[in-house]
Amino acid sequence: MVGTQGASRNALRFCLESRMTFEAIYGVSQALFLLYLVALTGGYLLLNAISIFSLRQYFEERMGEHFPQAFTGYEPQISIIVPAYNEAATIASSIQSLLQLRYPEYEIIVVNDGSKDDTIDVLRRAFELKPFPEAYSRDLPTQPIRATYHSAIYSNVRVIDKENGGKADSLNAGINLSVYPLFCCIDADSVLAKDSLYRVVQPFLLDHRTVACGGTIRVANGCSVEAGELKRVGLPTSLLALLQTVEYLRAFLSGRQGWSPLNAMLIISGAFGLFRKEAVLKVGGYRTATIGEDMELVVRLHHHHRLNGIPYRITYVPDPVCWTEVPEDYRTLRNQRIRWQRGLCDSLAGHFELCCHPKGGTVGWLAFPFMTVFEWFGPAFEILGYGLLLIGLGLGLVSFHVWLLCVGVALGLGITLSLCALLMEEMTFHLYQRPSDLFTLVTVAVIENFGYRQLNSYWKLIGLVRWIRGTKAEWGNMVRSASWQSQQARPGNR
């Protein structure tokens, strides 16, 4: 009897000690989660402060832009490379928009990457393509090229028809056939503002060390494009596209604008970036083994130049605008975000030597650790933190008021970041001029934190888990509505 009572007391003591231990671990975990959110928000708020200062300086330097352009006649020639896979719905309008760019001399190279739809036929009809075999340097290995074409009505338009090899392979093929010292990569579903090339080339003219420059990507859904020209800026009617509109503003005006002055920007969007061809060839072009070829190339350029002590600049210019269609259906958006996270994991893991390297500079000591903690493994921290909050509430480990406070802090910090991005948009470009548009954006900036941001973290976590497991990455199919195109491109004379 006494032995039974002693065993019961020991079991009770063990249960109490276990609960105390669990509560202690839970408390520490919650404190770390809140610390993570505060550190994340603090980092982005600091980037916002840098962005506001640099944007103000940038627009002050543009005050005299109504005078004759200082560099007219000195701008380097540019090769615009447009990889296209199943882009029949948008390719003609996109190329037509490129033909209307205000820039002295450039060529357009469309790379048909073994499309299964009638992309090549649309190009033939719209631009009167004629077969034109030509010799070129095979500096970068690519899938076999079936044929090359020249346009009979536009002297600066060429088309490459090749076997399917992916976006990176298409870009490498375009680089091989390009003839100019700078190349600009453009997505086939995108439309450039007419002065975009002139603006994005400025860093190359102002600093000879510049090897790459990116511009701003805006959401084309809800806008109106006629014959390749943006006629009206509007907001999309799809909630998913609206959420991405705010997301893109935050990513570019708050994120990349903040990292650029520090020469620590790790991402230039594959939808719109300008590169020095010689520098890209030296590091081996685009990697076909990764699904995030755009970020991987930028990180590799940092890695190469930093560790070899070569002076360089990788920068961002806020007003060369590229308008692109974003997914409006759940499945496509989910696949896109999983793919982006896989690409980020590949890029950071493949160049982890740069992190905190003695020669790493700001990119190695600031940007790389920041991206590792908050973007690479951040989704796991966030999902775990939100899960612990729900578990704590369910088990009674935290009171409802404490739980509500923690959730309020998490949501409030996210809303603050989104509203800061909208504030910068209104202070600078003010593209969405109707009061109703501004009201809609503010509303979306608030509601995106109630589910969408957490869903994004979940998708990123899936990408992280798949990367850890080594699951084969796939692009998936991009569903395009092309509803923003009021009129398809029509042939004309340049």
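Is K460 buried, partly exposed or exposed, and at what relative accessibility? K460 counts as partly exposed, at 26% relative accessibility; buried means under 20% relative accessible area, exposed over 50%, and partly exposed in between, with a 1.4 Å probe and protein chains only.

This is a predicted model, in which local features need pLDDT of at least 70 and side-chain atom pairs count only at pLDDT 80 or more, while totals for chains, interfaces and linings use all residues. Residues are numbered from 1 along each chain as its sequence is written, and side-chain values use heavy atoms, with hydrogens and water left out.

Side chains of opposite charge can pair when their charged atoms come close. With a salt bridge defined as a side-chain nitrogen of Lys or Arg within 4 Å of a carboxyl oxygen of Asp or Glu, the count is 20 salt bridges.

One of them joins R158 to E107, at 2.7 Å from N to O. R158 lies in strand β5 (residues 157-162) and E107 in strand β2 (residues 106-113), so this pair ties together parts 51 residues apart in sequence. Helices (H or I, at least four residues) and strands (E, at least two) are DSSP runs, numbered from the N terminus. R158 and E107 are both buried.

E247 pairs with R337 in another salt bridge, the closest N and O atoms being 2.6 Å apart. Because E247 sits in helix α7 (residues 239-259) and R337 in helix α10 (residues 330-350), the pair ties together parts 90 residues apart in sequence. Both E247 and R337 are buried.

K460 itself meets E375 in a salt bridge of 3.6 Å, N to O. Here E375 belongs to helix α11 (residues 361-376) and K460 to helix α15 (residues 452-469), distant parts of the chain 85 residues apart. E375 is buried, with a relative accessible area of 15%.
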